[in-house]
Amino acid sequence: MKSLQGKIVMTFTIVVGSILAGLGIILSQLFPVYVEESVRSNAVKKADEISLVFQQSNISLTDDQKDEITNILSNDHLGSDFNDVRLQLWKVLLIVLLIAFVITIVFTYRLTKRYAQPIDNVTEVAIELAKGNYRARAYEDDSLSTAQLSTSINILARNLQDLFKVREMEKERLKTLIENMGSALMMIDRDGQISIVNKPFVDQFDFSLQEVQNQLFKSVGLPEELKKFIDYVFLMESSSRKQLTLVIQQELHHMEVYGAPVIGEHGRWLGIVIVMHDISDLIRLEQIRKDFVANVSHELRTPVTSIKGFSETLIDGAMNDEKTLLSFLEIINKESNRLQMLIEDLLELSKIEQHGFSVEFSETNLREVMVRAAEMTSPSLDEKNMTFVENMERNVIVDGDMNRLIQVVMNLLTNAITYSTENTSVHLSLHESDTHGIIIIRDEGIGMDKKEIPRIFERFYRIDRARSRNSGGTGLGLAIVKHLIDAHHGRIFVESEPGFGTQFKILIPKKQPS
């Protein structure tokens, strides 16, 4: 973009050059005519003088003779000498015009430099301000007529810089607040696109920022209940609060969801904001508080009742019958063992759930973990004439606690054996990725419905209570498994289909190089 000074100088140069060129053309046309008339006038005067001389000498001249003398004098002056003079005059005229042109341009440049250059400087500063460079400043000189303009633009620049600093500070505060508020936040614009999400949101739903930013909320894979709630807020255009139970990564999450419209200036509808408070722990603790007494009392009542009933029967005289005595003592022993297992699992789970519980991390070979767990569960496997199908050809080293990982695999293998029919197989495979060791345990058992999967890690939760109790389980095994995997910073996934078996997939982080 050309400066104002350059434009003025260029324009003035063209105008002055045009004027001087036109003046030169006019002079070039008028000068020969003027010279010829002047020469002829001088010739006439000379001819009159010659005629006067002849008259004084008593010699008379006719009019034709006088005209001839005049023509001769005129032609003589219009000859080569006159052409030389005219050429010299042309050179002088050209030099004078060029000097006048140069002087005019120099004067114009100095004049525009004084008055137009400050305006160019202010214009450049204004352009920089428009680009967001609020540190740009105009040159100030009190001697210039544009000093007030430069001062004003500098005051504007300082004010914009102060406003920008305040805006950046407020933006940083708002970002810090949103990222550290502890609750998942999502802002959706009027077109249904997600414009703002915070870290708790992407962590909770296991998204990346690129997967959700500027995407339609219906296409990013949000739970159906949440999408219905968002549609409801859009439809009603008013604040709403609701408790939702969402399945996120095969886990039940109880969320208190608050939605409100975002209204801009002049009542303009900008979209809605969704804030989700995860109250799963509160709901879980409340549910545990309610269920614990009922479940524990129920689980304890059965073996205690059996032990008490059979012992009373023996005391009442059944002990005299050796066959009955042995049968009852066997039942009492079985129920007492079950009672002991229940108490031990309760104590183990209580220990794991205590604040500050941690595992002893060291380099652990997952193949060795799976082999030892399989060896310890082989007797139960043989009782049902089942087999292990193994795919563990290589060693996978992770950062974990071997004893605790053996406990995890044993619990899963025990479940696989317990809930499988006879003459089936339990498949064990070991894999690895760049960051995790992967254990897969799959059975060919009864399986479970998908809606049951999110609750199987709850304490005492049973899909089929009668069958689970008859199998000798305490209902705490998978709860212990989940806590131990969490302690290893790992993850567990479950896939199941009724009648076709269940698959557990465990991811344990590898030791990262420091």
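**Close-up 1. Lys308 and Glu312 stand 4 residues apart in helix α9, which spans residues 280-315, and are therefore separated by about one helical turn.** In this predicted model, the side chains of Lys308 and Glu312 meet in a salt bridge, with a distance of 2.4 Å from N to O. Side chains of opposite charge can pair when their charged atoms come close. Across the structure as a whole, 11 salt bridges are found.

**Close-up 2. A patch of positive charge on the surface brings together Arg135, Arg137, Arg158 and Lys165.** One of these residues, Lys165, belongs to helix α5, which runs over residues 147-179. The residues that gather with Lys165 in the patch are Arg135, Arg137 and Arg158.

**Close-up 3. The largest cavity holds about 30 Å³ of space.** Rolling a probe the size of a water molecule over the atoms shows where empty space is left. When the whole structure is searched, 1 cavity of 30 Å³ or more is found.

**Close-up 4. The lining of the largest cavity is made up of Leu405, Val408, Val409, Ile439, Ile485, Ile506 and Ile508.** At least two residues of this lining come from each of two elements, α12 (402-418) and β12 (501-509). Of these elements, α12 gives the largest share of the lining, with 3 residues.

Key: Residues numbered from 1 in each chain as written. Predicted model: local features only at pLDDT ≥ 70, side-chain atom pairs only at ≥ 80, totals over all residues. Heavy atoms only, no water. Patch = residues over 30% accessible without salt bridge, like charges linked within 9 Å, V, L, I, M, F, W, Y side chains within 5 Å. Areas by Shrake-Rupley, 256 points an atom, 1.4 Å probe, with all protein chains shown as cover. Salt bridge = Lys/Arg side-chain N within 4 Å of Asp/Glu carboxyl O. Lys, Arg positive; Asp, Glu negative; His and termini not counted. Charge placed at Lys NZ, Arg CZ, Asp CG, Glu CD. 1 Å grid on protein atoms, 1.4 Å probe; cavity = no way out; pocket = protein on both sides within 12 Å on 5 of 7 lines; lining within 4 Å. Points joined across faces, edges and corners; volume = space filled by probe spheres on them.
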